[in-house]
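Have the structure open and follow along.

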Amino acid sequence: MSVHKEIKKVTTHVLQEMKQRGEKISMLTAYDYTMAGIIDHAGIDVILVGDSASNVMAGHETTLPITLDQMIYHASSVIRAIDRALVVVDLPFGAYQANSKEALYSAIRIMKESGAHGVKLEGGREIKESIERILTAGIPVMGHLGLTPQSIYKFGTYTVRAKEEEEAERLLEDAKLLQEYGCFALVLEKIPAALATKVAASVSIPVIGIGAGGGVDGQVLVTHDMLGMTHEFSPRFLRRYANLYESMGNAFRQYIKDVKSKDFPSDKEQY
Ligand code: KIV
């Protein structure tokens with residue numbers, strides 16, 4: 001008889017049950033094997049291989065340049081580390097906007113080549129066909145409304161979205177439509193907390209917020225931000241759980257000092 005306890009994997013169905021019983025869903029981003037393993041073993045519910053990799057891993061100013069091949073590379077590295085979490089991968093800019101057939105091909109490549117459990121797309125009613133076509137292949141889809149960074153050049157800024165009534169109403173309608181199309185969950189980014197609470201109460205699928213207040217069904221942050229590695233990025237919604245910029249910097253400085261002073265390696269640190 002095995003002494004190991006069977007790990008209960010998080011599925012889209014588990015997330016639905018969590019919403020029903022009022023248990024908050026935890027979600028973080030990961031883009032590589034080592035970080036994904038640490039996050040998964042800490043007990044996270046969902047890992048997002050976000051196209052924010054374009055910013056935090058590749059140093060681009062926006063999420064637009066990252067390619068489908070690069071997303072698949074990040075996602076397959078993450079998947080190899082995971083025992084429990086549900087892994088969702090962003091369809092990058094340019095991989096689904098042209099038409100629903102291309103969206104389906106891109107989603108299939110992500111699922112087949114990385115082993116991920118679902119995909120996330122930015123947008124509402126305008127991507128109806130793509131969502132429905134991806135779902136026909138049995139691929140779970142997560143929606144994303146509010147601040148949608150792939151449309152940054154249309155909006156011009158990264159400020160809070162849907163503050164005006166008209167935009168707020170459209171967002172609420174879009175959330176209901178995404179549920180109707182068959183999305184299993186929805187991310188709301190940087191919108192007023194009152195609106196996000198109303199959206200979460202109006203749909204039965206889990207709503208996960210980033211900069212959307214505490215009235216939603218779960219929270220997501222970019223891991224490099226919450227660990228304080230990206231020390232120059234400081235939006236109001238971000239809570240830092242560590243200051244890794246400083247502690248990693250200290251470790252690197254100490255290493256450099258030890259090498260220069262010949263303190264490293266010591267007699268015990270060689271063969
Ligand atoms: O790419 C990303 O990291 C995201 C989150 C901010 C939700 O989409």
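The side chains of Lys120 and Asp90 are joined by a polar contact of 2.8 Å (a pair of N or O atoms within 3.5 Å; within protein, one must be able to donate a hydrogen and the other to accept it, and residues adjacent in sequence count only if both atoms are side-chain atoms). Lys120 also has a polar contact of 2.6 Å with the side chain of His144. You'll find Lys120 in strand 4, residues 118–120 (strands are DSSP runs of E, at least two residues, numbered from the N terminus). With a relative accessible area of 2%, Lys120 is buried (under 20%, using a 1.4 Å probe and protein chains only).

A word on the ground rules: this is a predicted model, where local features need pLDDT of at least 70, side-chain atom pairs count only at pLDDT 80 or more, and totals for chains, interfaces and linings use all residues. Residues are numbered from 1 along each chain as its sequence is written, and side-chain values use heavy atoms, with hydrogens and water left out.

Now zoom out. The domain assignment, which is automatic or from a database, gives domain 1 (12–240) and domain 2 (243–271). Four residues of domain 1 are in contact with four of domain 2 (heavy atoms within 4.5 Å). Between them, the two domains bury about 380 Å², 71% of it on carbon and sulfur atoms (accessible area, 1.4 Å probe, that two parts lose on being put together, summed over both). Leu227, Met229 and His231 supply 82% of the area that domain 1 buries there.

Key. Helices (H or I, at least four residues) and strands (E, at least two) are DSSP runs, numbered from the N terminus. Buried means under 20% relative accessible area, exposed over 50%, partly exposed in between (1.4 Å probe, protein chains only).
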